[in-house]
Amino acid sequence: SSAESSAESSAESSAGDPRIAIFMTTVMSEKHLRFFDCWEFGIPRLRLLQMADLVLYTTRNLTLEELSHFRQMRSITVKLFVNSGFQSGAIQALKDGFGHKGVEEKWFDEYDWVIRLNPDVLILDDTWLLETMRNSSIDGIFQDCTVCLLHTDFFAVRPRAVNSTLVDKSKNGNAELHATKSFENIVRSRRFVWVKGGFPEHYAICRIQGGRSPVLHHHQLDQFCAKGANYFQHGFNL
């Protein structure tokens, strides 16, 4: 099921800007909720976020106070789901958004790009991301988890380049294996780039890291947001 709510934003996109959706998936854990402060700090400082719509894929409706953290984004749409587990929940998000369900319900029809992440995956710098999204020869922005696997904590794709049949038919129980199979056509076409400066935390845990990465997944970063500090500065030093 889904419920929709809207939030106004003063951000205006020029004709040359891509239409972007932030597809944020969360089970509304205490850890994820603490990162909402980071987003409230980051949105007015990152043009990409101000010009993006938020599609929040979550296990429950949010309170007005919780939604207010994202009020400076263009709009907010809430999609409700029943969490079936750590790996299976991540797979379900990909199938619901990019498989036949998402295609039939037109989740991302109006967008040039969809960025999928969790609340604890933060964008530190949007310059490279926006430049890459304006490149018509690029259909995907990925981070490698191991030599042969794609991260699921962050990726960005052009929805029109995604093969919904591949997304639906993959039977892998591991989220990274499923994503790798789902985006196989984009990888084979070579119309993708790796996140500039990004690398896995280590090859047993697929969290995007890197001192020069524009995107960071670090579970200790929320402590700086809670204090109202500049998490960008701390993020680049982690």
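Select Asp17, Arg47 and Arg134 to begin: these three residues are joined in a network of salt bridges, a salt bridge being a side-chain nitrogen of Lys or Arg within 4 Å of a carboxyl oxygen of Asp or Glu. Side chains of opposite charge can pair when their charged atoms come close. The model on display is predicted, so local features need pLDDT of at least 70 and side-chain atom pairs count only at pLDDT 80 or more, while totals for chains, interfaces and linings use all residues. Residues are numbered from 1 along each chain as its sequence is written, and side-chain values use heavy atoms, with hydrogens and water left out.

**Further salt bridges**

By the rule above, the count comes to 12 salt bridges. Select next Glu40 and Arg71, which form one of them, with their closest N and O atoms 3.1 Å apart. Glu40 belongs to helix H2 (residues 36–42), whereas Arg71 sits in the loop between helix H4 (64–67) and strand S4 (75–80), so the pair ties together parts that are 31 residues apart in sequence. Helices (H or I, at least four residues) and strands (E, at least two) are DSSP runs, numbered from the N terminus. Both partners are partly exposed: Glu40 has a relative accessible area of 28%, and Arg71 has one of 40%. Here, buried means under 20% relative accessible area, exposed means over 50%, and partly exposed lies in between (1.4 Å probe, protein chains only).

Move to Glu66 and Arg60, whose side chains meet in a salt bridge of 2.8 Å, N to O. Glu66 is buried, at a relative accessible area of 14%, whereas Arg60 is partly exposed, at 31%.

**The loop between H6 and S5**

Select Lys106, which is placed in the loop between H6 and S5. Although Lys106 is not a glycine, its phi is positive, at about 55 degrees. Lys106 is exposed, with a relative accessible area of 54%. Its salt-bridge partner is Asp109, and the closest N and O atoms of the two are 3.7 Å apart.

Asp112 is found in the loop between helix H6 (100–104) and strand S5 (113–117). Is Asp112 buried or exposed? At 16% relative accessibility, Asp112 counts as buried. A polar atom of its side chain lies 2.7 Å from the backbone nitrogen of Arg19. To see what surrounds Asp112, select Asp17, Pro18, Arg19, Val157, Arg158 and Pro159; Asp112 touches these residues, not counting those up to four places away in sequence. Contact means heavy atoms within 4.5 Å.

**The nonpolar cores**

Which residues have the most contacts inside the largest nonpolar core? They are Ile20, Ile22 and Leu48, in a core of 45 residues. A nonpolar core is a set of buried Ala, Val, Leu, Ile, Met, Phe, Trp, Tyr and Cys residues joined through side-chain atoms within 4.5 Å. Helix H7 (residues 127–133) gives the most to this core, with 4 residues.

Center the view on Ile22. Leaving aside neighbours within four places in sequence, the residues in contact with Ile22 include Trp39, Leu48, Val55, Met73 and Ile115.

Next select Leu130, a residue of helix H7. Leu130 is buried, with a relative accessible area of 6%. Apart from neighbours within four places in sequence, Leu130 is in contact with Ile20, Leu48 and Met51. Leu130 and Ile20 are 110 residues apart in sequence and 9.9 Å apart in space, C-alpha to C-alpha.

Apart from the largest nonpolar core lies another core of 23 residues, among them Tyr57, Phe108, Ala179 and Phe183.

At the start of H9, select Asn174: a side-chain oxygen of Asn174 reaches to within 2.9 Å of the backbone nitrogen of Glu176.

The tour ends at Arg190, in the loop between helix H10 (184–189) and strand S11 (192–194). Arg190 has a positive phi of about 65 degrees although it is not a glycine. At 72% relative accessibility, Arg190 counts as exposed.

Definitions and conventions
Polar contact = N/O pair within 3.5 Å; in protein donor to acceptor, adjacent residues only side chain to side chain.
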